[in-house]
Amino acid sequence: MSLRSYIITRIILALPMIFILLAVIFFILRIIPGDPVLAILGGKAPIEVIQQKRHELGLDKPVIVQFFDYIRGVITGNLGTSTLTNRSVFEELKDRFPATLELTIFSFLIVLVIGLFWGAESAWRKDEGLDIVARVYSLLLYAIPVFWFGLILQLIFASYLRWLPVGGRISAVTNFKIVTGLYVLDALLSKDWRGLLDVLRYLTLPSITLGLVISSVFLRMVRNNTVLMLSKDFVKAARARGLRKKIVLYGHAVRNAFVPIFTIMGMEFAALLAGAILTETTFSWPGIGSYLVMKIRYRDFPAIQGTIVFFALFIVVISIIIDIVNALVDPRVRY
Amino acid sequence: MSYAKDEIVLKAQGLKIHYHTQKGYVRAVDGIDLFVRKGETIGVVGESGCGKSTFGQGILKLLPAKTKYEGELLVGTTNVIPLDEKEMKKVRGKIVGMIFQDPMTSLNPIVKVEKLFHETLKEHEPNISMEISRERTARILEKVGIEPERMREYPFQFSGGMRQRVMIALALVLNPDIVIADEPTTSLDVIVQAQILELLDELRRSYNTSVILITHDLGVVAQMADRIAVMYAGQIVEQNIKNKIYYQPKHPYTKLLLKSIPNTNPKDLQLNFIPGSPPSLLDVPPGCRFASRCPFKMTVCEKEPPVFEIDEGQVKC
């Protein structure tokens, strides 16, 4: 099978998965206690008003009709209207998504650099100093809750040392043209170097918090899988051909170590998003995570449902991308 | 024995390779004297755990980091014992090539064949271009009987025999003086075994490469080797030209080993074997290491046996 047909198959296979996902979200939100109409109007509203509102929201239709209305809505990008702000949930998510994307990208870079290089080098020097430190590090950071770690970093670097801002995403004085919503990219595009520095200062603590915590698991996975691969015959054979460490380690051992890692990376990414929710809340980062927490506080059901759908679709897209990268690294999955 | 010095491509003298373990040093190779002449095949035979593979991998110093090497090991004219990893890299692949036992695991399944060749060539000839390395890959693949177009495929798409051909090509692409073949046919079926051995022999002739053939299969060395070294418990107990080993074995171990080859004579269906097992290499008893299993044991065997020079070989008994 060529790479192209593999990608097409993978996308087609994702469609029923998405449908099931949407169904699960829809029905769970209808099973759990709590009436969205009462949440909007309060418990003491007259019965006519409640019925009126129920009709407005389409909640008086049969469940199956509601379900297909909702599916149609998701396909056309209509995730309903926030009961809190009366704005389209889709629009609100669109506004906040770049913040989350920026945070996850930078966190992921930290995860990748620490996990990949430290993991690989530890595996090469198994049981030596660097490796022992790596093992302690990954255990420690795995055990630390992400919000607590964020708070401690805030305390040290923002409160005591005053090197970095406590929270938020950008200073009020910084002003450049927003094109993509990714501030780092926008600052680069408008060549506003002071703006870039400002944005990076805000980005540092949240992305380090999230990146370090997630890197613990990743480091461990890379290290253990690389140790396993380094014991393989093909590594010895590569050394027997006189290849240098860089090629033996990264070109052979780590490359193969990633085959099993890829399959769990999709789940790791979900953990990254879950961590993002807590990190965003800790650092008042105006992304989708803090949006979800806020909406839950106000029982804004359409917004909650929309956000969950959005997260779910995001993870599906990411896992498709991971599968494609996996197919590039390991051609065996294509055949 | 005397040979012109330039004829000898490898010479081990009092070579010892001891593995580090928590219980102490395992004396896997414990004093080997052996030389290899240009273009000849030398078979190293012995049972499992006798140290033959350790010897093979020890030549390239591929063993775990804490392994202790002693004695002298000349590759060409360089003693490789004191060399560090960086200097060893110039020997590996370039002067000494290696073929491993299991072709299913000794080629990275997800790295394209042409890339395996390219990275190997590039390591030793840093300025080589992809085109030239493809050309050379095509040439050597053709020699081992693989269509050059298949270099664009991955090793996992090859059969076991084909992979071993790729492995041989990979070991020979830099035209090394010596090829160490560590049980090259053990994991292959009999027909493929014969093909691979024939190929190896043919290439040895055409490149005038020396081959160190490590195997437990006496049939394999009978087919290929010019000279044979028989190893037991980390030492060479007897070495000689092939026919002398087969028809006039001197050491009791060699004799018993040859007797234990199953034959197809219907009158003699008894399967011969050597009772007992080799001593632990962690704590070697003094004297002859084979004494405890030797049917000809004498009191003198409790002392370290001397080495006798016999016409073209040696026997330690």
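Modeller: A residue is buried if 20 or more other C-beta atoms lie within 10 Å of its own. Keep that cut-off in mind as we look at this predicted model.

Colleague: Thanks! Which residues are buried in helix 6 of chain B?

Modeller: Helix 6 of chain B covers residues 190–207, and its buried residues are Gln193(B), Ile196(B), Leu197(B), Leu200(B), Leu203(B) and Arg204(B). Looking down the helix axis, you find these buried residues within an arc of 130 degrees, so they line one face of helix 6 of chain B.

Colleague: What covers the buried residues of helix 6 of chain B?

Modeller: The cover includes elements of chain B, among them strand 3 (41–45), helix 4 (130–143), strand 8 (210–215) and helix 7 (218–224).

Colleague: Now the sheet. How do I read the strand order in chain B?

Modeller: Strands count as paired when DSSP finds at least two bridges between them. Here eight strands of chain B form an open sheet in the order 6-7-8-3-9-10-12-11, and their pairing is mixed. Strand 6 (96–99) and strand 11 (307–310) of chain B each have a single partner strand, so one side of each lacks a neighbour in the sheet. From one strand to the next, the twist averages 20 degrees.

Colleague: How many bridges join strand 9 to strand 10 of chain B?

Modeller: Six, and the two strands run antiparallel. One bridge pairs Tyr232(B) with Gln235(B) in strand 10 of chain B. Helix 9 (residues 252–259) of chain B packs on the sheet, touching both strand 9 and strand 10 of chain B.

Key. Residues numbered from 1 in each chain as written. Chains lettered and ligands numbered in written order. Predicted model: local features only at pLDDT ≥ 70, side-chain atom pairs only at ≥ 80, totals over all residues. Helix = DSSP H or I, 4+ residues; strand = E, 2+ residues; numbered from the N terminus. Expected span 1.5 Å × (residues − 1). Buried ≥ 20, exposed ≤ 12 C-beta atoms within 10 Å, placed from the backbone. Arc of directions from axis to C-beta. Contact = placed C-beta atoms within 7 Å. Axes fitted to C-alpha atoms, helices over the stretch in contact; angles between N-to-C directions.
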